[in-house]
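Reader: I'd like to learn how to read salt bridges and helix packing in a model. Could you walk me through them?

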Amino acid sequence: MPKRFFLELSYRGTNFHGWQRQHNAGSVQEHLEKALSEVLRQPSYVLGCGRTDTGVHAAQYFAHFDLSDEAGIPPSFLAHLNSLCGRDLAVHALHPVHESAHARFDAVQRAYDYFLHLNRDPFREGLSTTYPFLKLNVERMNEAAALLLRQQSFGGFQKTGSDAKTAICRLDQAVWEPLSGDFPPQMLKKGSGEAWVFRIAADRFLRGMVRMVVGALLEVGRGRISVEQFGQTIAAEKRFDRMTAAPPDGLYLSRVHYPYLNPRPA
């Protein structure tokens, strides 16, 4: 039987066209598979814990791969692999797992962070979204976000043509917080009112869901959608008339949890 391993990694998505392998654009999956195949000296294929769109980042991501019975993990595996991965991708740990472990289907919770700053800063470009509307009502945005936790189905928050069989998701967290200044390091100190992070966690997400949720909440913050309208629209699983998906720059897959895996310390 083949031996299965999880790779724990992170990547800056700016220069990738998402996680998933594509025919005409560079992806994280393709980049990682090339490096892994060279290190193991055999064709290697990885399956990730989920899709991320072009420009979206991952602070924590997992992918699994198999080794044949004859093959083994070479010495200095992580060092060699990272030397081939380039500046936008880092592999942090290798986890042996049971032969039926699955990076996508076994995840019981995923969490995303969306970073937003209100003043232009060249050191944040590509790592956080610049949003120049300085008078955001974050209290109202959090009132609307709390309504998401009461919702079970999110049909209005998925890309057109999605192949998802159900829109049911169990949301565990949805809240805007003042940025603490720890990540990315250029952000302002907590309580400045000029930088915010939206934290959302669930057992699963629909394709494009997080960016659509953020886009709708920003419209609430600007006063273009009321909290009442927000609640009525999500309850009816309709799309908002005033809503565009938030840009990818500020979005990070921040945490993926498996019941049998202890990831590296943060």
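Reader: Is Glu33 buried or exposed?

Author: Happy to start there! This is a predicted model, so local features need pLDDT of at least 70, side-chain atom pairs count only at pLDDT 80 or more, and totals for chains, interfaces and linings use all residues. Residues are numbered from 1 along each chain as its sequence is written, and side-chain values use heavy atoms, with hydrogens and water left out. Buried means under 20% relative accessible area, exposed over 50%, and partly exposed in between (1.4 Å probe, protein chains only). Glu33 is buried, at 7% relative accessibility.

Reader: Which side chain does Glu33 meet in a salt bridge?

Author: A salt bridge is a side-chain nitrogen of Lys or Arg within 4 Å of a carboxyl oxygen of Asp or Glu. Glu33 pairs with Arg21, at 2.6 Å from N to O. Arg21 lies in the loop between strand 1 (3-11) and helix 1 (28-40) and Glu33 in helix 1, so the pair ties together parts 12 residues apart in sequence. Helices (H or I, at least four residues) and strands (E, at least two) are DSSP runs, numbered from the N terminus. Arg21 counts as partly exposed, at 41% relative accessibility.

Reader: How many salt bridges does the rule give?

Author: The count is 11. Another of them joins Arg199 and Asp113, at 3.0 Å from N to O. Arg199 sits in strand 8 (residues 195-202) and Asp113 in strand 5 (residues 109-117), so this pair ties together parts 86 residues apart in sequence. Asp113 is buried at 12% relative accessible area, while Arg199 is partly exposed at 21%.

Reader: Which residues are linked with Arg199 in a network of salt bridges?

Author: The network links Arg199 with Asp113 and Glu177.

Reader: Now the helices: at what angle do helix 3 and helix 4 pack?

Author: Two packed helices are described by the angle between their axes and the distance between the axes. Axes are lines fitted to C-alpha atoms, for helices over the stretch in contact, and angles run from 0 to 180 degrees between N-to-C directions. Helix 3 and helix 4 pack at about 140 degrees, with axes 8 Å apart.

Reader: Which residues in helix 3 meet helix 4?

Author: With contact meaning heavy atoms within 4.5 Å, Arg140, Met141, Ala144, Ala145 and Leu148 in helix 3 meet residues of helix 4 including Val213 and Leu217.
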